Each structure stands twice: as structure tokens, then as C-alpha cells.
Amino acid sequence: MGKLTDPFSPQNLKEALDAIADRNLAALGNSPLARLDMVLARLSSEHLPDTPMGRGKALVLIFREALERLRPADPHDDILSRPYRIIKARMEGKSPVIAAQEVNLSVDRWWALQRERALPALASVLWEMEEAARGQQRHRYLTRHLPAPTYDVLFGVEDRLAELRRALQPGTSRPVISIDGLGGMGKTALAHAIATWAAEQRTLFHDIVWETAAQETLTWQGIERRQTPALTFERLLDTIAIQLGYREIPRMRLSEKTASLRTLLKERPYLIVVDNLETAEDYQTLAARLADFANPSKFLLTSRFYVGDDSHVYRLHADQLSEEAALALIRHEAQARSLAEVATAPDERLVEIVRAVGGNPLAIKLVVGQLTRLPLSKVLDDSRGIHDDQFYLYLYRHSWNLLSPQAQRLLVLMPILPTGGGTWDDLLALTGYDETTLTSAVTELVEKSLLNVGGFPEKVYSIHRLTQHFVMSELVRLEEHRPYTGSQ
């Protein structure tokens, strides 16, 4: 237990117990104990007014909870139950004579036990409750800028979260952390979960900032566009300053605000989260500039695109869920939608969903959502994917529009290869590109999280199942799959 402070002194505790026994809420609400954080928290949770009477009522509830915590597991153990019974007697206003008789003690011994054991035990419990309240208040403060979570449970991310926790520790060499991957893979959820964890640590970061560069959000009604302009470096600096409470900084010239924020972020550790960085103006340059503001502060970026191979950037790729995690997510989503027949279906039936859309959490949620009104066979027929132009536009339009014609053509040709993908020589034969052109196209697709690369020493190139559905959809048309001639 930490050092007991004045509010928990024996005299304050005795006066509070007397006020509770006398039902004198006003006196109780004016005691030193009434200024504690746990009283403020109880006022909020119980919707009590911030007045002496309200604080007195909150303290009564707090003391009742503390009394329950003093209750021994074995009520027949006279020795262990004495602190509980002494405090209970004080709160009920029993005379010392009657209270001593109930625990088979002399009055003098009862007073001695109150002084030596009961009041210190009560103080210890109240201190623990106050520490918990302070932690909750600190957590609420640190998470005040975080958006509401879009998840209630995350599946298959334990290793990724552990990796992020290590990357956020003080002294790590790369202070900019990037979570990249295909749309719908749960990058924002990962960032939110790790930022929430950081807040729970209370002392890891002095404060937490959250800014989103997203221009579009996918809802059940379709794609919703934000009216805010694209994120720029200067606007990000302004956001950081405002969320940290330095409202004079945005009024400065760019050079001045840059210097002020660099000093601020290097004095204390802050966590700055920038979500959907790929939609920011000149996102790669922006990401590179942030390293100059780091240490001890950290930057956590999410992006559909790889932000660059920089010595200051720690990269975590958000890949699709494993089959086990995907099945767990399907059952969870089905249960949340009261689809009992889906939640309890055998794995071999539900695995059809995973094979159709891959382990993309967003796609899985959309499929389960469709099962509320359509049979599984209908949802999975045709190309066995999600046939929703809005969904594909949300996932791929921005990335597709940024690709060169050569990279677009390579992506469209990928479904011709076997399901497991192809080698470098396969790509050369498939496209007719020369080595330089193919290298450039592959690099583009990898940076945009549209091409998977694995294997050693021979590399194998493949695309996600959803990407295959996209390039085979009506949204992507090529006049013909003809060999590259250098003029395309």
C-alpha cells in the first residue's frame, strides 16, 4: 500500500464513521474524504449532485463498498472478522459496550482493536479504491481523443498486439511505427486497441493524440465522405497542438509551430496516432518528417500503403486472419446478430465463407450481415465473393487510381496464375514485361498492399482472394490481355 495521506488519518475516518451513523450527509460531504477522486467518480456513476449532500451520499456508498471488502471469506473466523464487525458497528452507530459484547471483547480491547487493526484495514481498502479511481480517471483523460471502437472483441491479433507493445516501449530505436495492409484488415482496430492499452499503463505516455486522414468511411448505407480537406503536414501539427491543449501554436507561422512542437514532443513522451495516412497529401514525405519530432514521443501510423523503408520506421503488416481466428469471428458476429444457426454451424460449413473472402475481417462482417436476409448459398454463389460495388470501391478505388498502367495490368493478369501464385519467371511470361518494367510494377503493388510476396529463396507472388474478386469485377475493364509492347 502506498503512503497514507491526510484524508485517511484515523481522526478523519472516525469522524466519517460517526457522520454515517448519525446520517449527517452534510458533515460527511464537507470532510477531507469528500475531495477524493473516487467521490467524484461516484457522483458521476450515481448521477448525484456535486454538493455536500451529494458528496456525503457518495461517501456512504463508498464506505459500504469498503465494508464489503473487509468482510472475511470465512464469517465464522472471529479473529479475521473483527475489523469488519468493528467498522460495521461504527457505521450502524452501536455503542462500544454492545459492539464489544458481540465480538466477546472487553470495551478497552474493542477500542484497542479499532485503533490497531480496524481503522488501518479500512484506510488500506479506501486507499486501494482511491488508487483505482485515479487510474480510471487517468485512463479517461488519455483516451478522450480516441474514436469509439468499431469492435468489441478482436480475434487472431495477440501476436501483433504483443509486437506493438514491444515497439512502444521507451528506448526502442525506431520511434515511428507503421501498420500497413489491405483495406478491411483491421489496421484501425489494431491501432485503437494498442492506444487503449497504452492509456491503461497510465505512465507510458504523458498524453495521446488521435487524428484520422480518412476521407471515406464504409457504412451499411454505403460510402460516406468526410467534408474535411486532405490531411497536410501543417494541419497535423495544428491537430497535435490543439489536442494537447496548446491552442496558441496553430496561430504561429509554420516554422515557429514546427519548432515549438518539436520541443514539446521531445520533452515528454506522447503517443501520436495518425489513422489512414495513405489519404494524406504526400503521405510518404509526411511520414518521413515525423521522425524528427520523435524520441521520447512515438508515432503510430496506419496506412494501406507501405510508408517507406526508413531506419526510423518499424513496420507491422496486417495480414488476413488465420482460418481459426476467422471462424471465431464469424461465430461471434453471428451470435451478435442472433443468427444461432450460423453461430452453431459446423466448421466445415463456415469455412466456405473464409475460402470465399479470405481472412479479411471487414469482408467477413459484411458476409455475416448478408446472412440475416439471404441464404449462405446465395451469398457465396457466382464468383463466391461479395458482390457490392460500394465495398470494392471503398477497399480498392484509391489504390487502383494511384497505380501506373503497367501495375494495373499486372494486377488484372494475376488471377490467370494458379491459386497459390507464381514465380518471377511466371510474371515475366504472363506480362511480357522486361525486367525493369516488371520490377517497377511489382514494387508498386507491394507498396500498395495489393501483391503478396513470400517464399525463400524463390519468391512466390500472389493476390488476396478479395483482390482477385475486384480485378475480375465489372469495376475493372481491360480491352484485352495483350503482351506489353512498351506503349501501354
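Some ground rules come first. Residues are numbered from 1 along each chain as its sequence is written, and side-chain values use heavy atoms, with hydrogens and water left out. Because the model is predicted, local features need a pLDDT of at least 70 and side-chain atom pairs count only at pLDDT 80 or more, while totals for chains, interfaces and linings use all residues.

On confidence (pLDDT is the predictor's confidence in each residue, from 0 to 100), the chain averages 85, and 88% of the residues score at least 70. Residues 218-223 fall below 50, and this stretch has 18 contacts in the model beyond near neighbours in sequence; contact here means heavy atoms within 4.5 Å. Over residues 478-488 the pLDDT also stays under 50, and there the model has 20 contacts beyond four places in sequence. Where pLDDT is low, the predicted coordinates should not be read in detail.

Helices and strands are DSSP runs numbered from the N terminus (H or I and at least four residues for helices, E and at least two for strands). Take helix 3 (37-45) to begin with. Its buried residues are Asp37, Met38, Val39, Arg42 and Leu43, where buried means under 20% relative accessible area, exposed over 50% and partly exposed in between (1.4 Å probe, protein chains only). The cover over these buried residues includes helix 4 and helix 7 (107-142).

The axes of helix 3 and helix 4 come within 9 Å and cross at roughly 105°. Axes are lines fitted to C-alpha atoms, for helices over the stretch in contact, with angles running from 0 to 180 degrees between N-to-C directions. Helix 3 is therefore roughly perpendicular to helix 4; angles under 35 degrees count as roughly parallel, over 145 as roughly antiparallel, 65 to 115 as roughly perpendicular and the rest as oblique. From helix 3, Met38, Val39, Leu40, Arg42 and Leu43 meet Gly54, Arg55, Ala58, Leu59, Leu61, Ile62 and Glu65 of helix 4. Sorted by class, that contact has 8 nonpolar, 1 polar and 3 charged residues (Ala, Val, Leu, Ile, Met, Phe, Trp, Tyr, Cys and Pro count as nonpolar, Asp, Glu, Lys and Arg as charged, and the others, Gly among them, as polar).

Gln406, Ala407, Leu410 and Leu411 of helix 19 meet Thr437, Leu438, Ala441, Val442, Glu444 and Leu445 of helix 21. The class tally for this contact is 7 nonpolar, 2 polar and 1 charged residues.

Now for the backbone. Most residues other than glycine have a negative phi, and most peptide bonds are trans. Histidine 47, which follows helix 3, has a positive phi near 55°. Histidine 47 sits in the loop between helix 3 and helix 4 (52-70) and counts as exposed at 73% relative accessibility. Arginine 23 is not a glycine either, yet has a positive phi of about 55°. Its place is the loop between helix 1 (10-21) and helix 2 (25-29), and arginine 23 is exposed, at 75% relative accessibility. Asparagine 295 and proline 296 are joined by a cis peptide bond with omega about 10°, and proline 296 lies in the loop between helix 12 (283-290) and strand 6 (298-303).
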